[in-house]
Amino acid sequence: MLRRYPDVGEPLACEPITKGLLNHGYRVSTTSGSYFLKHHLDKKHIDDATGERATIVRQHHATQRLASLGVPVVPPLTDAEGTTVTVIGDRCYALHPWVDGLHRVGSQLTPHQSRRLGTLLGAVHTALEQVMPVMDADGERGSPDGPLPAGYGSPHASDTFALIDELLAAARGERPRDTPRDAFDELAVHRLVERRALLEQHAHRRPPTPAGPATGWVHGDFHPLNLLYRGADPVAIVDWDRLGVQPRAEEAVRAAAIFFVQPGGELDLPKVRAYARAYRRAAGADAAELAAAVHRVWWERLNDFWILRWRYRLDDRRADPQFPAVSALAVWWTRAYEAVCAAFTE
């Protein structure tokens with residue numbers, strides 16, 4: 001990799017970054033300084049390295065244009081051939097400047113910093129409007145509407161009931177003598193049974209599928225591990241792999257539900273309110289847009305079991321530590337629905 005970049009110096013060390021779920025990252029130290037080497041792994045919607053490379057190049061061009069508008073991003077370095085993505089075998093890599101910083105969750109943010117977070121995300125959405133092409137429903141340039149993203153319709157409770165039955169069987173399943181059901185499995189069973197009862201009670205509240213396609217480019221994965229702070233200041237938004245067209249207010253709600261969730265599963269509503277007011281001002285979003293987003297994301301959370309799917313279908317337990325708070329949030333949000341909606345819209 002480094003031979004392709006004549007100005008980065010000779011390699012001295014390469015240390016893996018332990019945080020992150022979908023990609024591999026490394027801190028590379030050279031005689032010229034430190035760099036972040038990213039190995040792009042997520043091929044959920046991509047079948048070959050050529051297609052993956054084109055998608056990554058689009059993401060890189062977006063960050064370059066965002067940087068020119070003053071958005072705190074870290075565009076990749078350009079190699080001797082003028083490209084930003086290296087394909088070695090069937091693997092795609094990119095080299096970025098290293099940025100020193102820390103990740104901060106909502107409990108570490110003051111009310112002022114919560115407002116600043118909302119302003120930052122609003123600025124991201126308005127800047128993306130300027131730098132990304134308008135597209136039609138087939139993904140072509142020229143229409144004011146964005147393409148309809150896969151899964152834009154809300155989940156059906158009937159599908160979720162089938163998934164719950166599958167996950168319950170896995171959580172309750174027989175195990176070798178040396179691997180008894182643990183506390184996680186017990187909690188999973190409790191939450192699955194609880195969630196099925198909630199869905200039966202609230203099935204009539206499924207949001208209707210919007211009449212038109214989604215509009216607006218979004219980061220797609222805006223959460224604490226993708227935002228670096230230096231002191232009180234956000235200095236870098238990283239990991240643009242999920243850049244795409246989605247309802248922008250839904251990204252604002254999802255981000256708040258990650259940043260401001262407390263260990264017991266409640267949202268810190270005073271900070272959510274400060275964040276949401278700032279976001280609405282910065283993005284030019286009105287209360288109705290946020291209210292619709294709150295409803296769709298609440299329903300999404302009520303039907304979502306991605307952590308359990310990783311554990312029981314893929315035997316991947318990296319996300320297990322998130323499950324207690326995430327699963328509790330869906331229950332608490334249902335009970336406190338009106339208060340949550342007010343925090344985002346008033």
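Reply: Glutamate 250 counts as buried because its relative accessibility is 4%, where buried means under 20% relative accessible area, exposed over 50% and partly exposed in between, with a 1.4 Å probe and protein chains only. Glutamate 250 is found in helix 5; helices here are DSSP runs of H or I with at least four residues, numbered from the N terminus. Leaving aside neighbours within four places in sequence, glutamate 250 is in contact with Ala293, Arg296 and Val297, contact being heavy atoms within 4.5 Å.

Before going on, a word on what you are looking at. This is a predicted model, in which local features need pLDDT of at least 70 and side-chain atom pairs count only at pLDDT 80 or more, while totals for chains, interfaces and linings use all residues. Residues are numbered from 1 along each chain as its sequence is written, and side-chain values use heavy atoms, with hydrogens and water left out.

Helix 5 also holds alanine 257, which counts as buried because its relative accessibility is 3%. Not counting residues up to four places away in sequence, alanine 257 touches Leu267, Arg301, Leu329 and Trp333. Tryptophan 298 is 41 residues from alanine 257 in sequence, and their C-alpha atoms are 9.6 Å apart in space.

Two of those partners take us to helix 9. Leu329 and Trp333 are among the buried residues of helix 9, which also include Phe323, Ala325 and Val331. The buried residues of helix 9 pack against helix 5 (248–259), and also against helix 4 (183–202), helix 7 (287–302), helix 8 (306–314) and helix 10 (337–345). Helix 9 covers residues 323–335, and its 13 residues should span 18 Å at 1.5 Å a residue; the end C-alpha atoms are 19 Å apart, which agrees. The expected span is 1.5 Å times one less than the number of residues.

Now for a pair among those neighbours. The axes of helix 4 and helix 8 come within 12 Å and cross at roughly 130°, the axes being lines fitted to C-alpha atoms over the stretch in contact, with angles from 0 to 180 degrees between N-to-C directions. That makes helix 4 oblique to helix 8, since angles under 35 degrees count as roughly parallel, over 145 as roughly antiparallel, 65 to 115 as roughly perpendicular and the rest as oblique. Where they meet, Phe184, Asp185, Ala188 and Leu192 of helix 4 face Leu308, Arg311 and Tyr312 of helix 8 in contact.

Methods
Helix = DSSP H or I, 4+ residues; strand = E, 2+ residues; numbered from the N terminus.
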